[in-house]
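Q: I would like to learn how to read the features of a structure such as this one. Please show it and take me through the terms as they come up.

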2 protein chains.
Amino acid sequence: MPLKSTGLLAATALASAAVLAAGPALAQDTIDTEHHQVHVTTVAEGLAHPWAIALMPDGRFLVTERDDGRLRIGDADGSLSDPVEGVPEVFRFEGETPRSQGGLFDVKLHPQFAENQLVYLSFSEPTERGASVSIIRGQLVEENGTARLEEVEAIFQMQEEDQDSSGLHFGGRMAFHPQDDHLFLSIGDRRNISRAQDSEDQAGSILRMTPDGEAPEDNPEFEEEANEYLFTMGHRNVQALAFDPATAELWVADHGPEGGDEINHVRAGENYGWPFITGGEDYSGAPIGVGLEHEGMVSPIHVFEDTVAPSGLAFYQGDQFGNWQGDMLIGGLAGQALVRVRIADGVVVEEEWMLEELERRIRDVEVAEDGSVWLITEHEDGEVLRLTSEAPS
Amino acid sequence: MPLKSTGLLAATALASAAVLAAGPALAQDTIDTEHHQVHVTTVAEGLAHPWAIALMPDGRFLVTERDDGRLRIGDADGSLSDPVEGVPEVFRFEGETPRSQGGLFDVKLHPQFAENQLVYLSFSEPTERGASVSIIRGQLVEENGTARLEEVEAIFQMQEEDQDSSGLHFGGRMAFHPQDDHLFLSIGDRRNISRAQDSEDQAGSILRMTPDGEAPEDNPEFEEEANEYLFTMGHRNVQALAFDPATAELWVADHGPEGGDEINHVRAGENYGWPFITGGEDYSGAPIGVGLEHEGMVSPIHVFEDTVAPSGLAFYQGDQFGNWQGDMLIGGLAGQALVRVRIADGVVVEEEWMLEELERRIRDVEVAEDGSVWLITEHEDGEVLRLTSEAPS
């Protein structure tokens, strides 16, 4: 990790396997943003490329570590549990593999978690054909100081013909519909630009399923042979996906190729156009697509001028940052920022890149009941950060 | 395999493991082409997705089977040896995986094979990061009715950072320079359109090395950090590559995306433009690139109107088909044809799709000393075919 110029540095430098279990000393920093002063607290660190965080009703959190496929429980004081048992094996190639993005991805609590303790995990599953983007769920049981998933069920696996061995563009973000509990899953185009426009192919899509992983009968209609899980198609690699709790509308931010990161309002049965519609170009510089409009496809609400590399999305609701009410908070990997976007009447009216001072790749964003914002930073030595309006006591 | 309307059908239907080793009865057919009547003999069959053939000085041949990584020796009467021992393990996913093109690829004899019995094999090698396109060589030793490679040396492996887990676009074709014995290897873009324009990346390139697998000091210069093996860049997935023995010039036919199969005259240090220059579009129908011209890049000599899916290339020299003298013979996979192309003054003056009646995917093409042409057909039950001007006695 590069040297940083913030107060987080000292604590980060102290991170080691020994302090990891005991809970590191909390490092704090204060950062000014347009509307609010933000207190940043390092809740936990020393995580191996963490990917997602889920906030538990009792104030603790679940966090996934992508590379080794670990799930841990964290306390507000920063102590992390041993890996939760019962987590499935993930698809990874050994060693430092910048071209393998596989592993353990998202963690979400069932909407009735308090009653049923069900935890959902998305991950790249090793299969005969290479890998599937899959979902398991299990009941979180804690006793005698250990935690495990019990009655683990494989509730979703990509259809066999769509599994392949690419190590790239898995997607893997999940969200529950805030009203009817349907589960949504993004699957990336597997770094194959042809796949998002094939309605029979689950890659490059957002899927909608029941909480049991079944294809619902009221999924939208595409072409006759279209995959029954398809909710929308034409996505590149969605890793920022969330419902606006105020409206129950689904929104995503999608990685563009070189440039062209975009925000889409996701509506049943639509085609979001990749690789026809894109504001970016290929990494090589070669042009792709037709621009931002194409017949039968939906144009993005917004195309970012600078590269965000969006991962993690939450709509702000709460008392601590009152001037962010209803805004999108988007994690920026390459952008190394928390990007706040306000949309009014389908148009972006504010775009603010916050926390750039931290120089962190932000992988996930969640908003807690108390109005604090929780972030995952994606590094070999990754962190859980918490944003509050006042310095925690 | 679909039913065919030719005389090959009967023998093909009889193929079984039992007759495989003993040598199937030779099936024959006669097909008229523009300049010659061609006698087609099924020399061998029952091969599992064969990929390449190398003609031995004693009239026998070596043939690779891609899927299971087998190398066999065949006799002119069609009998095939047991798999040659000492062939390395190849990178494959199990089952019927249309998106995994990995396995054992090309086989070439060292230019002084008669003296040193050295055989070169290219293949997708399983590595920690997924797969490399690699080359081994070994000495072919036969005794007591069995054949094996001895003193097997791994002479080339892709640099580690370029290895990945994609199952697509390996390239993998080899050729020895007819004068100085340098070895050339094509590596595909691994189905990642950004990689062919990165001169530090061995994917999407043609590499030049010594017969020992070393990077020669007189390789062409690209940018400062360019890979030392690079001979040319900007290729998509070259599987048809050969020297014209009359001129010692290197030529390739490259797979376009959807449409845009092309012929390139390959000259040291040039950039052949993929994905800037292409006559095709993405499989999704989305446009890619800038057309057929771009500054600093070399335009193709020819873009095919119909899809060839070129694999295997030989320049005809010999007495049997005198009116093909000097023509390119290109194997067509999707095209299911042997495509004869005559080039004069850098322009295609004849293009003939031959043997379409056979309905075979043609994977490799070699021309024998006696002027006969040998073909590999790529099917689950693949064949070695021999083309002669007269019916064999």
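A: Start with the terms for strands. Two strands pair if DSSP finds at least two bridges between them. Helices (H or I, at least four residues) and strands (E, at least two) are DSSP runs, numbered from the N terminus. In chain A, strand β20 (residues 337-344) pairs with β21(A) in the antiparallel sense over seven bridges. V339(A) stands opposite W353(A) in β21(A).

Q: What should I know about the model and its numbering?
A: This is a predicted model, in which local features need pLDDT of at least 70 and side-chain atom pairs count only at pLDDT 80 or more, while totals for chains, interfaces and linings use all residues; side-chain values use heavy atoms, with hydrogens and water left out. Residues are numbered from 1 along each chain as its sequence is written, and chains are lettered from A and ligands numbered from 1 in the order in which they are written.

Q: In what order do the strands of the open sheet with β20 of chain A stand?
A: The order is β18-β19-β20-β21 (chain A), with antiparallel pairing. At its edges are β18 (310-315) and β21 (347-354) of chain A, each pairing on one side only. On average, neighbouring strands of this sheet are turned by 20° against each other, direction ignored. For such angles, axes are lines fitted to C-alpha atoms, for helices over the stretch in contact, and angles run from 0 to 180 degrees between N-to-C directions.

Q: How is an interface described?
A: The size of an interface is often given as the accessible area lost when the parts come together. Here buried area is the accessible area (1.4 Å probe) that two parts lose on being put together, summed over both. Between chain A and chain B about 2,700 Å² is buried, and carbon and sulfur atoms give 54% of that area. The contact (heavy atoms within 4.5 Å) takes 35 residues from chain A and 35 residues from chain B.

Q: How many salt bridges are there between chain A and chain B, and how many over all chains?
A: Side chains of opposite charge can pair when their charged atoms come close. A salt bridge is a side-chain nitrogen of Lys or Arg within 4 Å of a carboxyl oxygen of Asp or Glu. The count between chain A and chain B is zero, while over all chains it comes to 62. Among them is R137(A) with D212(A), whose closest N and O atoms are 2.9 Å apart. R137(A) lies in strand β8 (residues 130-143) of chain A and D212(A) in the loop between β12 (205-209) and β13 (230-233) of chain A, so the pair ties together parts that are 75 residues apart in sequence.

Q: Which backbone angles deserve a look?
A: Most residues other than glycine have a negative phi, and most peptide bonds are trans. R190(A), not a glycine, has a positive phi of about 60°. A cis peptide bond, with omega about 0°, joins W274(A) and P275(A). In chain B, a cis peptide bond joins W274(B) and P275(B), again with omega about 0°.
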